[in-house]
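Let us walk through this model together, moving from its surface to its helices and then to the contacts between side chains. Please keep the sequence and the view side by side as you read.

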Amino acid sequence: MRRAALAVAVPAPLLLVGLMVLAADPDVSAVCTVLAVLVLICALGGLMVVRTSGWVLWPGVLLGVLLLALPTATTRAEVLAHRAERTEVVITSAHSARDRSGTVHWTCGIRRADGRPLPHASFDGLGCDGASDVGSTTGVLVDPGGWVPPASTDLDLSFLSAGVYAVAALALLWALLVTAAARRTLRTAGSRTAGHPPARRHG
């Protein structure tokens, strides 16, 4: 039981965070996200092995979903905060999409104004407000290494960068949850054993 708990408590959050950090690169985002979801499914299965009954599953699901959601946005914010360069780009296209609340969001295709190659040539946010922006020039934040996609200059990097601490706290909470579940299982098993002493042999 202790070995199973250790296997679920430590590698699972590390793998989840690592894969979703790599998912900050749009070129591998889909593959890394699928692998992370599979890791989460296996981790939740392991959690249910550690504690087959009780309250443990739903907190595990919540922590797992947050570990899927936060690392990618946090990584992009960190990279942009430390390496981004403001770059002039020309908007070449604009595409709209509606979210569940009916709000329209725009994503714009872009190219560098100086003609140099631009990895991940799209962005959304300030400067990408509709089809009327096509052909105009605006400034965006660009990672010279091309690890993360361009971002609008209105992105709140200071807020998102705080996500590093949130991700670390979530990983720690996952480990504590698994440890608590394992202790509860071992305590329950010990109580059952104490309440049913082995039968004496006769003869």
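Is R116 buried or exposed? R116 is exposed, because its relative accessible area is 52%, and the classes used here are buried for under 20% relative accessible area, exposed for over 50% and partly exposed in between, with a 1.4 Å probe and protein chains only. Before going further, please note that this is a predicted model, in which local features need pLDDT of at least 70 and side-chain atom pairs count only at pLDDT 80 or more, while totals for chains, interfaces and linings use all residues. Residues are numbered from 1 along each chain as its sequence is written, and side-chain values use heavy atoms, with hydrogens and water left out.

Now turn to the helices. Helices (H or I, at least four residues) and strands (E, at least two) are DSSP runs, numbered from the N terminus. Helix α3 covers residues 29-50, and its 22 residues should span 32 Å at 1.5 Å a residue; the expected span is 1.5 Å times one less than the number of residues. The end C-alpha atoms of α3 are 31 Å apart, which agrees.

Helix α4 comes next, with 27 residues. From its first C-alpha to its last, α4 reaches 39 Å, close to the 39 Å expected at 1.5 Å a residue. Look for a kink of about 25 degrees at L70, shortly before the proline P71; the bend at a residue is the angle between axes fitted to the seven residues ending there and the seven starting there. P71 is one of the buried residues of α4, and among the others are G60, L63, G64, L67 and L68.

The side chains of D143 and R83 meet at 2.9 Å, N to O. This pair links distant parts of the chain, 60 residues apart, with D143 in the loop between β4 and β5 and R83 in helix α4. D143 counts as buried because its relative accessibility is 2%, while R83 is partly exposed at 40%.

The structure holds three salt bridges. D114 meets R112 at 3.1 Å and R116 at 3.8 Å, so R112, D114 and R116 are linked in a network, and with a relative accessible area of 12% R112 is buried.

Finally, there is one disulfide, a pair of cysteine sulfur atoms within 2.5 Å. It joins C108 to C128, with S to S at 2.1 Å. The torsion about the S-S bond is about 90 degrees, so the disulfide is right-handed. C108 sits in strand β2 and C128 in the loop between β3 and β4, 20 residues apart. Both cysteines are buried.

Technical notes: A salt bridge is a side-chain nitrogen of Lys or Arg within 4 Å of a carboxyl oxygen of Asp or Glu.
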